[in-house]
Each structure stands twice: as structure tokens, then as C-alpha cells.
Amino acid sequence: MTDQFSASPNRIEAELLRSARFRMLREPGWRKLEALVKQAETHGLAGLNYTEAKELAALYRQAMTSLALARDISLDLALLNYLDQLCARAWLVVYVPQRSLSGAFGRLLRQGIPQAVRRSLLPLLIGFSAMMLGAITGFVLFFRDQSWFYTFVPGGLSDGRAPGASVGYLRDTLYGDASLHSGDVLTAFAAYLFSHNTNIAIFIFGLGIFWALPSFVLTFYNGLMLGASFALFVQAGLGYDAFAWLSIHGVTEISAICIACAGGARLGLAGLMPGQMSRRDSLRLHGRDAVKLFLLAGLMLLVAGVVEGVLRQSVTSPEARLLIGWGLGGFWVLWLWRSGRTSGAKA
Amino acid sequence: MRFQRKSDETAVQRSAASKRVLENFVPPEDVPIGFELASLGARFGAVILDLILTWFAILLLILAVAWLGILPKTALFALVVISAFFVGVPYYVLSELIWNGRTLGKRIVGIMVISADSRALGAHQVVARNLLKDVEFFAPLGLVLQWNYTSTAQSWIAALILLVWTLFVAIYPIRNKRKQRLGDVVAGTLVIVKPKAILLDDLALSEARGGFVFDQTQLDIYGSYELQTLEAILRDPSKSQLHAAELEKVAKAIARRINYPEHAIGADPRLFLMAFYREQRERLESRLLFGERRQDKFHSDAPKPK
């Protein structure tokens, strides 16, 4: 098959132009590489057998050498362009991600995420303090003047929980009415909350690139909503119950928002204070950990969504709610604190 | 001296204008590869295509499920919510992971994402660039489209923030030399045109020589830029037969410049040009072997007189 490209030895000998001779001698190899690359492009590298894969690697390196040589000896633009493009295509085929996705996921859970979290203490402090400050401010302002509630909490999310609602109604929202919340509705609601929360987390994370400020503001605002809503229940004498109701999924969910904010803060700080590096390099370097923080937030939101859909309305005792919520929180801390430490690690 | 600098500039402009080639992209084999950067228009087109395709797929899915009636209403609602969520960031991440840096839209347009460090594209890079796509593209687009332009209730501060935000994310990739958006910078990625390799025939071999003879002084006038321009003219199929008159013009111009008798060109200017191309290339390439690269007829890369 490749023979149609190779000129007869006599013809090559007779050719006086060095670059033309160069091309005649090597063209069969290039054509073969082209065919292999095409095969790999359509069927993936797995579509090649052992000898073909070996040939691909060898021919790729030969083509690269040809390109380097051709740039020095040939002025034939068609040849230079062809080799450039051929090498580019072969490079794309040879340098594809070799690791399996499932393996990458396992490594991420065992090492990547916990290590990234332990490297990001300052951003985490920023994230959690944004939420805490917001919550405290919302709580205090609510007791100063209840009309703040309407400023902080949008109508769609409050679902009838507002200053002036009866204690009985508020209690119902905490302990649920089995007839009111059939399983289907609950699943749909959990699905809605999960995608809503994840979109907010993506937003908070991404905005971090603008010098971390928007992430902080958004997280602070989420804290305000949380504080004001909680204050509403405290005022009705349902503080303990509301705390338990919030804990079962909230420990995970609210921490996830804080961690997304921490990821954003990591990006923002990288852009604000690049140190000795260029801003571009600093962003790229810190981006790795920031993305891992976000993935952690996404994972926690998924878990929170499941807890919300399955357990929140079926587990009604406040003690059990507290136990599940904070137990889950303890699990996150333990995992992030202990996992992925190399033996004999530095303190 | 001034003349010299000017011709330097034109040489640089010539190479830059022909294609937007990515510079300094060196694979582990240490031979630079010249990828062509994707234009912002192509990238915008790809993302619009992706939006249309994914939302069309959701519409079909919902219609099919509703028509079959296998799910209760609330589950249908959950399905809509989940699939609307899935075609956001998850779709872009998964498709770029599976197809090595290409979404459906990018496949159609013929562009792809590569890692700027010339190694394999990593999963975290794909995640990073698509997470930031949300604040760089979807959120401003959504806000601009949903903005209540008639209402005065929305404060001018919010409008100002939106304006600055939109302008910033729009101008950043335009002003960027490698056309990276913010997500590309964080992820360390580039978007390139998918290369196609087509080998054209070697012009120096393709035709019989017409017995033209050139001497050394005649071949020492032009440089590789002129040689490769001549190559492009000879290869352009529209000029090979239809524009014989133009070929004759080119042949006469060359003959005048190198002091070759015009009447000796003969009836077919193409034969003359082919012969000249071969001789000129041989001459320039043999000088190249001795380390003397002649860029163009201005000799802009010759050692400058002190």
C-alpha cells in the first residue's frame, strides 16, 4: 500500500535537489503515519493493535525529526506546511490523556481533595468567616427590626415563613405534614434545590476570579438569609427545633457554599498577590487547588441533596437530626484532615 | 539603516498576517509545532451550536417522556430540572473529557482545546475552564438578555457593574495574544484549529525542464519569501490555466528584475517559471546548508554594516 508513494531508487539517486531527495526518501513513512493517525482519530488509540501502536510512536518521532530537518534544509512551503500539520495531528493522537477517569476520581478522593483543602487554610477561613459574619449580622439585624427579613430573604425561598406567621405554621414547616409532602414532591424539590445550590456554588466560585470580592459578598449575603431565617424561628421559640432541622442537611450544604467561596478566594488571592510569579502563572498554579475545592463543594452538595430528599422529612426527632447532621460534618472533617497523608509526612 | 528596519517589519508582518500561528509551542520532542489559533468567532459559533443542540435534546427528551406518560408530573419536573442542570457545566466538562478537548459544537466547527504546556489535556484543566465559562459567558449573557430595560427600579449601580463585567470578559480574550479567556488562563489551555495534513506535489519534480539557463548573479537576487510567493502562484489552480496572462506578467517581471532576456521566456510562461523556481530553490537551499538564510530580496537578515 505504501509502495505507491516511494519512487524508484534510480529516480532518487538521479535527483540533484537535496530537499526533493529528502522528501522522496521519507514520504512513505509520513504517509504511513498519516494512515495510522487517521485510524487512531476515528477509533481511538485502543483501536490500534500492538505493532501499530509501536509503529505510531516510532513514526511520530521520525516525523518530528523530519520536521526539524526540513525547516533547516527545505524551502518548499508545501512540504513544511504538511509536516507541521502532520506532526500536530500525530501529537494530538499521541498525547491524549492516558489515565482512566475512574482511577482519576479515586485518586482525587484519596489524595487530591484532602491535600488541596489542607493547603488552602486562609481561603477556607475567608469562606467560612464570610458566611458566619453574614449569619450573625442577619440574626442581630432581625432582632433590631423585623422588616429586615423582607430585605434579605426573597419571597420565593421563604415559602410562607415570614414575621407574623403563626408558631403552629412554623412548626409544621419544620416537622412536615406527611400528607403535604409526598415522596415525589420531596424528590422533585430536592432535585431543584441541588441544581439551584450547585449553580450558586459555581457562580460564587467563578466570581472569585474578580479579586475574590464578589465571592465574599455573595457568601455574606447567603449568611444574611440564613441568620434572618434562623432568627425568625428563635423568636417563635423554636430555636432548638430549627437548629436541628437545619443541621441535618445544612451542616453539609452550608459548608459546601463556604468551600466554593474558599475556592473562589483561592483564585482571587492568586490574582491579587501573585508573589514572585507572573499573575498568569500564579492563577494557573492556584487554579489546580481551587478546582479541587470546588469539586469538594459539588460532592457535598450532592450528598446534602440526597439527605434532604430522603431523610429530612422522615427523620423527625430533633436529636436524630442533630446526630445525623453533625455526624456527617464530623465525617467530612475527619476525611479532609486525615486522608492522603503520605507516610512520614512533614508536619 | 532606516530602510533596513522597515523591511524587517514587513517580513514580520507578512508571516503574522498569513495565519494566526501559535508561537513557542514545543512538545516534549523539542520540535516546535505551529498550531493555528481558533478565531473568537469560531469559538462563539461553537458555543452557540452547543447551546442549541443541548436544549433541543432536552426538548426532545421531555416530549418523548411526556408522550409516553411513564413518569408522574412531579418526576417530570425533577427530570427537567436535572437535565437543565446537566447541560450546563457538566455537559461541557464531560464532552471535553471524552472527546479530548472537543464538545459537539467544537467538533462541528473544527476546533479543539489543548494544554498550553504541550502535555496531555488534564481533567482539572477541563473542569477549570468550564467552571469559569459560567461567569464569563453564560451569566453575563443571561443577565443582559433578562435585564428589565424599561424599569427604572433597578439601580444604576447594578447596571454599571453588569456593564463593566460584560466589557471586561468580552475584551479580555480580544486583547490577549493567545486569545485565552480567563478560564483558559486559569486552566492553562488554548483553543486551536484542528490540523489537516495535505501533502501537495513537489513542484521541483513535476514538469520537464525547458532548457532555461540561469547564472549565479541572476539567482542571487531573490530570497525565500519571493520563492514561496512564486510557489503559491504556481500552485494556485485558478492561475494555472485561466490566468495565463497574469503568469506572463509575473514571468516578465522576474525576467526584468534578474536581467534575463524577455524574448527567451518563450510561448509558455509557466515552463519558464517552473524552471526558475527549481533553480532558485536549489540555489537558496544550497546556501542554507552553509548557514546563510536569505529572507527576501531586501536581504533584511544579512549582517548589518557597522
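The model is predicted. Chain A has 14 helices and 0 strands, while chain B has 14 helices and 2 strands. In chain A, buried residues make up 49% of the 347 residues. In chain B, 42% of the 306 residues count as buried.

**Overall build**

- From the N terminus on, the elements of chain A run α-α-α-α-α-α-α-α-α-α-α-α-α-α.
- Consider the contacts in chain A with a separation of 6 or more: 75% of them come from residues 24 or more positions apart.
- For chain B, with that separation of 6 or more, residues 24 or more positions apart account for 70% of the contacts.

**Helix α13 of chain A**

- Helix α13 covers residues 279-310 of chain A and has 32 residues.
- From its first C-alpha to its last, α13(A) reaches 45 Å. That is close to the 46 Å expected at 1.5 Å a residue.
- α13(A) has a kink of about 35 degrees. The kink is centred on Gly287(A).
- Ser282(A) also lies in helix α13 of chain A.
- Ser282(A) has 1% relative accessibility, so it counts as buried. The cut-off for buried is under 20%.
- Leaving aside neighbours within four places in sequence, Ser282(A) is in contact with Ala270(A), Pro274(A) and Met277(A).

- Helix α11 of chain A takes in residues 213-235, which makes 23 residues.
- At 1.5 Å a residue, α11(A) should span 33 Å.
- The buried residues of α11(A) include Ser215(A), Thr219(A), Asn222(A) and Gly223(A). Leu224(A), Met225(A), Gly227(A) and Ala228(A) are also among them. Ala231(A), Leu232(A) and Phe233(A) are buried in α11(A) too.
- Here is a general point for reading such a list. An α-helix has 3.6 residues a turn, so residues three or four places apart point the same way.
- Ala212(A) is found in the loop between α10 (183-207) and α11 of chain A.
- Ala212(A) is not a glycine, yet it has a positive phi of about 70 degrees.
- Ala212(A) counts as buried because its relative accessibility is 13%.
- Just after α11(A) comes Gly237(A), with a positive phi of about 80 degrees.

- Gln85(A) sits in helix α4 (residues 77-94) of chain A.
- Gln85(A) has a relative accessible area of 18%, so it is buried.
- Not counting residues up to four places away in sequence, Gln85(A) touches Gly34(B), Pro195(B), Lys196(B) and Ala197(B).

**Helix packing in chain B**

- Helix α4 (residues 89-98) and helix α6 (residues 123-146) of chain B pack together. Their angle is about 145 degrees, and their axes are 9 Å apart.
- The crossing of α4(B) and α6(B) is right-handed.
- On the α4(B) side, Val89(B), Tyr92(B), Val93(B), Glu96(B) and Leu97(B) take part.
- On the α6(B) side, the residues they meet include Ala123(B), Val126(B), Val127(B) and Arg129(B). Asn130(B), Leu131(B), Lys133(B) and Phe138(B) are also among those α6(B) residues.

- Asn100(B) is found in the loop between α4 and α5 (104-109) of chain B.
- Asn100(B) is not a glycine, but it has a positive phi of about 55 degrees.
- With a relative accessible area of 16%, Asn100(B) is buried.

**Confidence**

- Chain A averages a pLDDT of 85, and 89% of its residues score at least 70.
- Among the elements of chain A, helix α6 (residues 121-144) has the highest mean pLDDT, at 93. Helix α8 (residues 155-158) of chain A has the lowest, at 63.
- Chain B averages a pLDDT of 82, with 86% of the residues at 70 or above.
- In chain B, confidence is highest in α5(B), at 95. It is lowest in helix α1 (residues 2-18) of chain B, at a mean of 44.
- Over residues 1-18 of chain B, pLDDT stays under 50. For these residues the model has 14 contacts beyond four places in sequence.
- Where pLDDT is low, the predicted coordinates should not be read in detail.

Note on methods: Residues numbered from 1 in each chain as written. Chains lettered and ligands numbered in written order. Predicted model: local features only at pLDDT ≥ 70, side-chain atom pairs only at ≥ 80, totals over all residues. Heavy atoms only, no water. Helix = DSSP H or I, 4+ residues; strand = E, 2+ residues; numbered from the N terminus. Expected span 1.5 Å × (residues − 1). Bend = angle between axes of the 7 residues up to and from the residue. Buried < 20%, exposed > 50% of the residue type's maximum accessible area, 1.4 Å probe, protein only. Contact = heavy atoms within 4.5 Å. pLDDT = per-residue confidence, 0-100. Axes fitted to C-alpha atoms, helices over the stretch in contact; angles between N-to-C directions. Left-handed = near helix turned anticlockwise from the far one by under 90°.
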